[in-house]
Amino acid sequence: MAMKHLTRILCAALLGASTAASAQTTIRVGVSQRDLGAMDPAFGIGNGDEFPIRQVFSTLVSPRDGTSDLKLDQLQGEIAERWEMSPDARTFTFWLRKGVQWHRGYGEVTSEDVAFTLARMKDPATGTAYSSNFRQIDHVDTPDRYTVVIHLNTPNPFFHAFALMPRFGGYIQCKKAVLELGDKYRHNPVGSGPFAVTGYEPKQKVVTRAHEGYWGGKPKVDVLEVLFLPETAARTLGFVKGDVDMIEGATVPGWLASLRKQMPHVVEDFGRPGSVWALHLNMTRKPLDDLRVRKAIAHGIDQRIWQAAFGDFVEPMYGVAPQKAYGGVVKEDLPADWPFHFNPELSKKLLAEAGFPNGFSIDAFITEREEYKTHLLIVQEQLRKIGIQVNIRVVDHTSYHADIRKDLNSLTVYGSGQPPLAQAVLNAFYNSAAIVSKPTRNMNFSHYGDIAGNSDALMDQANQETDDAKRLALLKQVQLNILSQVPAIPLPSPASAWFHNGKTMEIGFPVKAYMGTFTLAKASSKR
Amino acid sequence: MIAYIARRLLEVVPTVLLVLTLVFLALRVLPGDPAVAALGEFATPAAIETFRHKLGLDQPMWRQYLAFLSQAVMGDFGQSMVNGTPINALLARSLPYTMELAAAALLFGMVVGVPLGVWTATKRDGAADGIARIFALLGFSLPDFYLGVLLLLAFSLHLDWFPMLGGGETFWDRMHHLVLPAITLGLVMAAFIMRLTRSSMLEVLRRDYVRTARGKGVAERWVIFKHALRNALIPVTTGMGIYLLTTLSGTITVELVFSRPGLGQLLIGGISARDYTMVQAGLVVFAFFVVVVNLLTDLLCAAIDPRITLR
């Protein structure tokens, strides 16, 4: 004990800790990303980018703090103080708050900045990965300094959920700063969010400071640091020791139980709806072209295995989108002959009917990333029991993404964060235009739309339907139609799992949404 | 001596050129596209093409190679493909952390390994020798990532004597952050040096001149340190030089475990993100160190043993 105190005293003396330094409050957040990609909202991807971007930028509107509700009448205003959608869902009008200030003296946020942002994000020359979210914009009018009118080329009552929300490129950017800073904007951006960037140390951290002129009032915390801690052990130990106040969890069996044991005061921030995971069956390949084989695979997989391994991290997924997503299918919606009920005996019977009484073997490749590999290993073990041998080849992550988009895989495990809307998942994975071998490709790895049916028209109808009840009914119907053909097996949806130290900080509201969709403007330090 | 150093430095040029070429080719042969890695899962084909064009990845291979070579020769490694940060600035920031870790591990290895090797050689087959050999076995057997986590658990988490994360900023802060990583890496080095010193000492202590010195009544301490150790250190020095190269690669793992902002972090991050420019620069720097360490080892051996002439 004496040694401990002596070391502390020595360190304090050596470091020259000043009273001024200790007076400021700091919150440190550890993300699993190895380094910052970009804080320019056009180029930020992954939690390590999205988390600081959310703190630095504001959107026009956003879900209420800590929630994922995306209905237009349930949103809270950020830069916009009020908004309106035309009855035909083709025009969105936003009235901006007056006096919203950019960081570092770049002046007031105006409609010109909003129009500039939308044009920049839509322009393919910008090279943003989010440009498809903005494709529906026909033109933008700015009748005055504080009014923005967005005209769409097709009706879409959820346009705001794709293009104007946190996480998917919807942050409003400062025209003057983007043009003035050029490439430097990536790491030294100017936003209007609660925290302004003051430093970036590559592979180490992003340092931000409370924005005095934040439209929502100056944050309670003076400094917010985002640390890049890719090694799970280092991140966890740093958190347990108290060096870090909040961390991104690790989807590793046993990790959560161990953390709970070591840190009884840990606050678990499980954000739902979680990410979208599925095993996509390439229906252009034999024997996956046979519905009986696909049904046999579906009946051979038991989602409860994931829950046993990962506990609260995951929840069962019944439709194409997580249960809590808008339009998500829940257990009660399922018909009696649903092909995803676990029934290995039925699987064997279906395989025999399809001409595979002794099963068959199939090749698949998977990325080295733990979360992907774990999914396929669990699937492999379960399918082995019904006679299907999956031969797995492990490849590196970037090759995996490149090769699955070249239509080279038979069984593709794919997980991604999507806007919490069933239509977002349907468009990305089950629209015929999204088939991976097409120029308009997105993430349709199963070839549904060209094979085993086509639901494009129904999807379009659901996308454009302005009546909420009708839209929800359509979305559920489309999902049931698609999944009855088993182009993919939905896998349990992992939550956005973050943890904060209840002894050192408070977020300011209960967290039920994805981290990176809300700010820490209301957070406080207890140190 | 100066002519020898100059000649050896000139010999470095074709070696480094070969390394540059191999590194460039190896990265292009590896599967994976930096554009896909940088832009992520939502990237449209148009966005990927724009990104590739901006970075010159759509240029013919030979043109990319010449651009890389001309920049590297000027000491300019360009910018990170993934986040646009100038690589020279990243190296300038990371290198000191890696260098001080390697140096501290070497120092720890020497300070612990040499005296322990000498001591155990003089106490051959005794209890102390046995304990020291177990220490050496442990040093060799414990993987550094495991040892690092154990040290973190004991001395950082539970005893709170040392910081957990990062590399520190001010001088003393950096030294404080350096202790556990240096012990992690240096323990293997110490085990290696101890065994090398022990066996070398045992060999030398059997020599005639040692027996003569003892016969002439020279004090045992003098025999060991003046007559035996100086000669025993020649193979130890060569061995240390070779082992230092292993230690340099060991810094990568240790930096990851302790979240130190060194060259290892740059390299691993670069590889996983297919950041060609970053990995190229990192590997060239490592290759340069290999050449320099080899040269220094040769010079050091000559300084210790006057019989060795530099030609």
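**Exercise 1: The second largest cavity**

Task: Identify which elements of chain A each supply at least two residues of the lining of the second largest cavity.

Solution. Strand S13 (276-281) and helix H14 (422-429) of chain A each contribute at least two lining residues; helices (H or I, at least four residues) and strands (E, at least two) are DSSP runs, numbered from the N terminus. S13(A) gives the largest share, 4 residues. Among the lining residues are Val276(A), Trp277(A), Phe429(A) and Pro490(A). By class, 9 are nonpolar, 2 polar and none charged. The volume of this cavity is about 50 Å³.

A cavity is a set of points, on a 1 Å grid over the protein atoms alone, where a 1.4 Å probe fits but cannot get out; lining residues have an atom within 4 Å of a point. A volume is the space filled by probe spheres set on the points.

The model is predicted: local features need pLDDT of at least 70, side-chain atom pairs count only at pLDDT 80 or more, and totals for chains, interfaces and linings use all residues. Residues are numbered from 1 along each chain as written, chains are lettered from A and ligands numbered from 1 in the order written, and side-chain values use heavy atoms, without hydrogens and water.

**Exercise 2: The largest cavity**

Task: State where the largest cavity lies.

Solution. Its lining has 18 residues, with Phe168(A), Gln418(A), Pro420(A), Tyr514(A) and Thr517(A) nearest the centre. Domain 2 (61-177) and domain 3 (276-493) of chain A both give residues to this lining, so the largest cavity lies between them. The domain bounds come from an automatic or database domain assignment. The volume of the largest cavity is about 200 Å³.

How values were computed
1 Å grid on protein atoms, 1.4 Å probe; cavity = no way out; pocket = protein on both sides within 12 Å on 5 of 7 lines; lining within 4 Å. Nonpolar A, V, L, I, M, F, W, Y, C, P; charged D, E, K, R; others polar.
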